[in-house]
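Please find below a note on the model under review. The sequence and structure are shown first.

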Amino acid sequence: MGMTRMLLECSLSDKLCVIQEKQYEVIIVPTFLVTIFLILLGVILWLFIREQRTQQHRPGPRDTAPVPPSRDLSWEAAGHGGNVALPLKETSVENFLGATPDLAKLQVPREQLSEVVEQICNGSYGPILRANMNTEDASKSKSVILKALKEPAGLHEVQDFLGRIQFHQYLGKHKNLVQLEGCCTEKLPLYMVLEDVVHGDLLNFLWTCRRDVMTMDGLLYDLTEKQVYHIGKQVLLALEFLQDKHLFHGDVAARNILIQSDLTAKLCGLGLAYEVYTRGAISSTQTIPLKWLAPERLLLRPAGIRADVWSFGILLYEMVTLGAPPYPEVPPASILQHLQKRKIMKRPSSCTRTMYGIMKSCWRWHEAGRPSPRELRLRLEVAIKTADDKAVLQVPELVVPELYAAVAGIRVESLFYNYSML
Ligand SMILES: Nc1ncnc2c1ncn2[C@@H]1O[C@H](COP(=O)(O)OP(=O)(O)OP(=O)(O)O)[C@@H](O)[C@H]1O
């Protein structure tokens, strides 16, 4: 009723009154809001400028950090080389080292590394060098291996290299793994310092055993069945050690085993084990020679220590044939089809039935059917007792490394350092 009355009583002047009320809302309120906004903006700008000025006058590690003498990594970050993944402010080696205080304990003073004797080869990070290192006893120096990070290196590579050193530290000591002696990472170039396993890799040793070389630097270039088991057992101990740490090696092969004059074997090439450590699996695109790989690896399925056991079977074959390439009649690219037909290598003439039985157990298609490194080691320990320690393994043909590389499916540059020098 009231509403009707209002409308009826509504005059022209009343309407004007309503319009005036609306003008008040439309003009005054926005003006008020804009003013508040401008005041807030002014305050924020003032705070920001004040912070900037304070930072310019504050001494801080970022500004005062000494530039690494040999090369400033920020040079790379500007796009002049390597992979650049981190912002400029994180580019000095000191910052990386700041994040890895454990490495401080491992530092070897550079002046202790007196001279580089030779370059052994190019490894996955860069040159692998043999150098002399002065010990606490000033009159004595010892030979060490330096794995250098190639330059120019990207930030990601520096991080990876430092991580690799920490991985060695995490693994700790094992008689059958190459030992880390220390590192030089306080400035570029970065070095990993490893014990020198003077006689080099087992593949070159096996090839040399084919030659008429009797002994060199205390190493007897003769191999018997018993010694094959002896070397194999040590590799299995290294694999057991990795397995206890929930790791596996990923590239077990004669080329990745170093040998000392007393036939102590040391597993090297721990690049893939490092991947398993950091990522839980092998994810790299790094090409591993296919003929050493278990079917699950070739099929890109998840793999573990039993894939190493498969490769261990190939290693036994390598030893007993004095370094012949596996599956000589199969092109490397056809190996998966070959295995899918459930074909394995025949027994080499130099291989006893006992040893061939062990190889065959390693080459069972399903990984669950293969023995564990420990079970395998126990089998080897039994076999050693009756193994021949007199008859020296002999293969009359010498190896032509280029031919070997083609049949084995390996890059020839990664192979024949020692052998070519003889
Ligand atoms: N401690 C060592 N003593 C003697 N020779 C070594 C030593 N370490 C490596 N080498 C030599 O360098 C070669 C390559 O070594 P290795 O496979 O460890 O290097 P890499 O390419 O850096 O591999 P990864 O990154 O997988 O460790 C070996 O076959 C061996 O000839």
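The numbered points below treat the basis of the model, the overall fold, the cysteines, the ligand site and selected elements.

1. Basis. The model is predicted, so local features need pLDDT of at least 70 and side-chain atom pairs count only at pLDDT 80 or more, while totals for chains, interfaces and linings use all residues. Residues are numbered from 1 along each chain as its sequence is written, and side-chain values use heavy atoms, with hydrogens and water left out.

2. Overall fold. The protein contains 16 helices and 9 strands; these are DSSP runs numbered from the N terminus, helices being H or I with at least four residues and strands E with at least two. Of its 422 residues, 44% are buried, where buried means under 20% relative accessible area, exposed over 50%, and partly exposed in between, with a 1.4 Å probe and protein chains only. Among contacts (heavy atoms within 4.5 Å) with a separation of 6 or more, 65% link residues 24 or more positions apart. The protein exposes about 23,100 Å², of which carbon and sulfur atoms supply 58%; accessible areas come from the Shrake-Rupley method with a 1.4 Å probe, and for residues only the protein chains shown count as cover.

3. Cysteines. How many disulfides are there? With a disulfide taken as a pair of cysteine sulfur atoms within 2.5 Å, the count is 0. The sulfur of Cys183 has its closest cysteine sulfur in Cys184, at 6.9 Å, which is too far for a bond; Cys183 is buried, at 0% relative accessible area. For Cys268, the closest cysteine sulfur belongs to Cys121, 9.1 Å away and likewise too far for a bond. Cys268 also counts as buried, at 16% relative accessibility.

4. Ligand site. The ligand is surrounded by 20 residues, the closest being Ser124, Lys147, Arg164, Glu195 and Val197; a residue is near the ligand if one of its heavy atoms lies within 4 Å. Polar contacts are pairs of N or O atoms within 3.5 Å; within protein, one must be able to donate a hydrogen and the other to accept it, and residues adjacent in sequence count only if both atoms are side-chain atoms. A polar side-chain atom of Arg164 is 2.5 Å from a ligand oxygen. Taken alone the ligand exposes 610 Å², and the protein buries 89% of that. The elements giving two or more residues to the shell are β1 (113–122) and β3 (141–148).

5. Helix α8. This helix (residues 225–244) has 20 residues and spans 29 Å between its first and last C-alpha, close to the expected 28 Å, which is 1.5 Å times one less than the number of residues. Gln227 lies in α8 and, leaving aside residues up to four places away in sequence, touches Asp222 and Leu263. After α8 comes His246, with a positive phi near 60 degrees.

6. Helix α9. Within residues 271–279, Leu272, Ala273, Tyr274, Glu275 and Val276 are buried. Their cover includes α6 (155–171) and α10 (295–298).

7. Thr185. Where does Thr185 lie? Its place is in the loop between β4 (180–184) and β5 (191–195). Thr185 is buried, at 0% relative accessible area, and its side chain makes a polar contact of 2.7 Å with that of Gln107.
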